[in-house]
Amino acid sequence: MSFRNFPMVPRVVFGRGSFNQLAEILEPVRKNGAPFIFLVDDVFKGKSSLVSRIPLQGKDKIIYISAEEEPKTIYVDGIRDDINKEFETVPSGIIGIGGGTLLDYAKAVALMLTNPGSSADYQGWDLVKEQGVYHVGIPTISGTGAEVSRTTVLTGPERKLGMNSDYTPFDQVVLDPSLLDGIPTNQWFYTGMDCYIHCIESLTGTYLNAFSQSYGEKSLDLCREVYLEKDSIDEDSQDKLMMASWHGGMSIAYSQVGVAHAMSYGLSYLLGTKHGIGNCIVFDQLEEFYPEGVKEFKQMVEKHGIDIPKGLCKDLSDEQFDTMIDVALSLVPLWENALGSDWQKTITREKLRSMYELM
């Protein structure tokens, strides 16, 4: 029997204030004056002390990127092209600072600086052939698991699908819980629920093994502490959610996600619904597949007074429903994990249509 030989992030630093170690982390990998490119969420532009702490040297550059939209292949290609035009040499590295969107951009741009064509060419499993440039992930919000996963989820011209490869994981991750200060409650909840849903889908999936289970159970315990036992976003909550995100991402490294993620990809592709909110909208309707998880999720929603949007699909055309359904059905590993190899007996186009109509 042959087992998957997954890569893991080789270096990680955790601790409040660890962002201040970034200069000493980067210096040994700087190449002959080649710049580091910092991809930073534009929410920090002009109004955050975080930017002033970025250790710029020489030709290093900050590129601000909006996280209002999900990452798109066309934007990844554009960032890569702009870097190639401005600099005569391959950068020393790419550093992503922000939430899952910025971390996905950092991973994707790092890969596209060494691989030809469009990032859309690499949407799928193990299509990337060359190691990317050195890349670092620094999350400023926790839950997506993007800091540890081997995928970078992108919306392309034909689908929403990750660049899943052994070359995708970061070379270095900096986990500084103090960077989570000031997150709006709704955003903190939606992103954290991405982590919670990862765990429910992994722990109830057919791909589950002891590796996935060990990480998934710890992440789930931490999510429950943060969202069921806590009333506010204190330092302890920040620390625990950051580690829940890490463990949640690890839980799906050797497993997979499931129904909620497959369907939320359809929402995101058609309507631009952001990933965390999309997962919540879908999961809220999935008692049939995850009864205990959905029950607990609804308790968390009520406890924190969170609004789960409804009615997104009420005015969609048949063609639009078909587009969402096509995207969802293309994610075969997610359905196999959720329901087994005969998943198509349960998940028909008619079934998906009726489920989307509830959202």
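Me: In which sense do strand 5 and strand 8 pair, parallel or antiparallel?
Reply: This is a predicted model. In it, strand 5 covers residues 124-125, and strand 8 covers residues 160-164. Two bridges join these strands, and the sense of the pairing is parallel.

Me: Which residue of strand 8 is the bridge partner of Trp125?
Reply: Strand 5, residues 124-125, pairs with strand 8. For Trp125, the bridge partner in strand 8 is Asn164.

Me: How many bridges hold strand 7 and strand 8 together, and in which sense do they pair?
Reply: Strand 7 spans residues 153-155. Strand 7 and strand 8 form a hairpin, with four residues between them. Their pairing is antiparallel, and the number of bridges is three.

Me: How many of the residues in strand 8 are buried?
Reply: A residue counts as buried under 20% relative accessible area. Lys160 has 1% relative accessibility and so counts as buried. Strand 8 is mostly covered, and the number of its five residues that are buried is five.

Me: With which residue does Glu70 form a salt bridge?
Reply: The structure holds 28 salt bridges. In the one formed by Glu70, the closest N and O atoms are 2.9 Å apart. The partner of Glu70 is Lys160.

Me: How many residues apart in sequence are the parts that Glu70 and Lys160 tie together?
Reply: Glu70 lies in the loop between strand 3 (61-65) and helix 3 (73-86). Lys160 lies in strand 8, so the pair ties together parts whose separation in sequence is 90 residues.

Me: Is Glu70 buried or exposed?
Reply: The cut-off for buried is under 20% relative accessible area. Glu70 has a relative accessible area of 8%, so Glu70 is buried.

Me: Which residue meets Lys230 in a salt bridge at 2.8 Å, N to O?
Reply: Lys230 is part of a network of salt bridges that also links Glu225, Asp234, Asp236 and Lys240. One of these residues, Asp236, is partly exposed, with a relative accessible area of 30%. The side chain that meets Lys230 at 2.8 Å is that of Asp236.

Me: What is the N to O distance in the salt bridge of Glu357 and Arg353?
Reply: Glu357 is partly exposed, with a relative accessible area of 45%. Arg353 is partly exposed too, with a value of 24%. Their side chains meet in a salt bridge, and the N to O distance is 2.9 Å.

Technical notes
Residues are numbered from 1 along each chain as its sequence is written. This is a predicted model: local features need pLDDT of at least 70, side-chain atom pairs count only at pLDDT 80 or more; totals for chains, interfaces and linings use all residues. Side-chain values use heavy atoms; hydrogens and water are left out. Buried means under 20% relative accessible area, exposed over 50%, partly exposed in between (1.4 Å probe, protein chains only). Two strands pair if DSSP finds at least two bridges between them. A salt bridge is a side-chain nitrogen of Lys or Arg within 4 Å of a carboxyl oxygen of Asp or Glu.
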